[in-house]
Amino acid sequence: MKLAVISDLHGNYYALAKVLAFLRSQEIDGIIGLGDFVTDGPFPQRMMRVLREMQEEFPCYLVRGNREEYLLENIRHPQNWKAGSSTSGLLDYTFRNLTGQDLEFFEHLPTDGVLVGKINESGRLIPVFVPQEEITPDTCRESLFPALRLCHGAPGELRGNFGLHPELLLSHLENLDAAILLGGHSHKQEQREYAEKHT
């Protein structure tokens, strides 16, 4: 099983297009996306186009990031973002340049869950995503490859930041059912091991 992991693209559609060009030569079984697909980069429409092309070409297992959550919160409770502001201008720009269909795409992304291995009807091992609300005590135990917990910040905490709060990572690893925890948000590439669990 060969899976690619992407995270925190922040609207860099050009980088994603280059990554996809590379992945086409790698015979991968799917792409894991850990959120923050938009904001901070120009042309959010182009980013959405490349994301949709990615989903059409590869099996994808995507979770929502805090940036997508900010955009969705703005629908429910307008945030009074100001164009040109250094703190909210990029969110405002992205929001104004996305369609209702784009925002619905983010609304349907789960915030976290686990990726487990199962045998399909053809007898082939495939990854299956189980959203957080559907996880049972047996979900990870029954996986046919080491179960992967997918989140943006921390499991159950979209804005949790392991880089700023190492104690948060330890508490999550102690209670983790999956063998591997994959998260984004901190913009740091790190790998750690605790009690035979990996992040």
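This is a predicted model: local features need pLDDT of at least 70, side-chain atom pairs count only at pLDDT 80 or more; totals for chains, interfaces and linings use all residues.
Residues are numbered from 1 along each chain as its sequence is written, and side-chain values use heavy atoms, with hydrogens and water left out.

Secondary structure elements are DSSP runs numbered from the N terminus, with helices (H or I) of at least four residues and strands (E) of at least two. Two strands are taken to pair if DSSP finds at least two bridges between them. Residues are called buried under 20% relative accessible area, exposed over 50% and partly exposed in between, with a 1.4 Å probe and protein chains only.

Strand E1 pairs with strand E2 (residues 30-33) in the parallel sense, over 4 bridges. Within this pairing, Ala4 stands opposite Ile31 of E2.

E4 pairs with E6 in the antiparallel sense over 4 bridges, and the bridge partner of Asp112 in E6 is Cys151. E4 is also joined to strand E5 (residues 125-131) by 7 bridges, and these two strands run antiparallel. Here Gly113 stands opposite Pro131 of E5. The hairpin of E4 and E5 has 5 residues between the strands, and Gly123 takes a positive phi near 80° in this hairpin.

Two loop positions were also examined. Pro42 is placed in the loop between E2 and helix H2 (44-57) and counts as partly exposed at 47% relative accessibility. The C-alpha atoms of Pro42 and Leu90 are separated by 8.9 Å, although the two residues are 48 residues apart along the chain. Leu164 is found in the loop between strand E6 (148-151) and helix H6 (166-174), and at 64% relative accessibility Leu164 counts as exposed. Leu164 and Asn74 are 90 residues apart in sequence, and their C-alpha atoms are 26 Å apart in space.

A pair of aromatic rings is described by the distance of the centres and the angle of the planes. Rings of Phe, Tyr and Trp (its six-membered ring) pair if their centres lie within 6.5 Å, and the planes count as stacked under 30 degrees apart, edge-to-face over 60 and tilted for the rest. The structure holds 3 aromatic pairs. In one of them, the rings of Trp81 and Phe95 have centres 6.1 Å apart and planes at 75°, so the pair is edge-to-face. This pair links distant parts of the chain, 14 residues apart: Trp81 lies in the loop between helix H3 (66-76) and helix H4 (89-96), and Phe95 in helix H4. Trp81 is buried, with a relative accessible area of 16%, whereas Phe95 counts as partly exposed at 22% relative accessibility. The rings of Phe105 and Phe106 have centres 5.5 Å apart and planes at 75°, so this pair is also edge-to-face. Phe105 counts as buried at 15% relative accessibility, and Phe106 counts as buried at 0%.

A charge is taken to sit over a ring if NZ of Lys or CZ of Arg is within 6 Å of the ring centre and within 35 degrees of the ring normal. Arg52 lies over the face of Phe105, at 5.6 Å from the ring centre. The charged end of Arg46 sits over the ring of Phe43, 3.9 Å from its centre.

A pocket is an open set of points on a 1 Å grid over the protein atoms alone, where a 1.4 Å probe fits and protein lies on both sides within 12 Å along at least five of seven lines; lining residues have an atom within 4 Å of a point. The largest pocket is lined by 26 residues, of which Leu34, Gly183, Lys188, Gln189 and Glu190 lie nearest its centre. Strand E1 (3-6) and strand E7 (180-182) are the elements that give two or more residues to this lining, and E7 provides the largest share, 3 residues.
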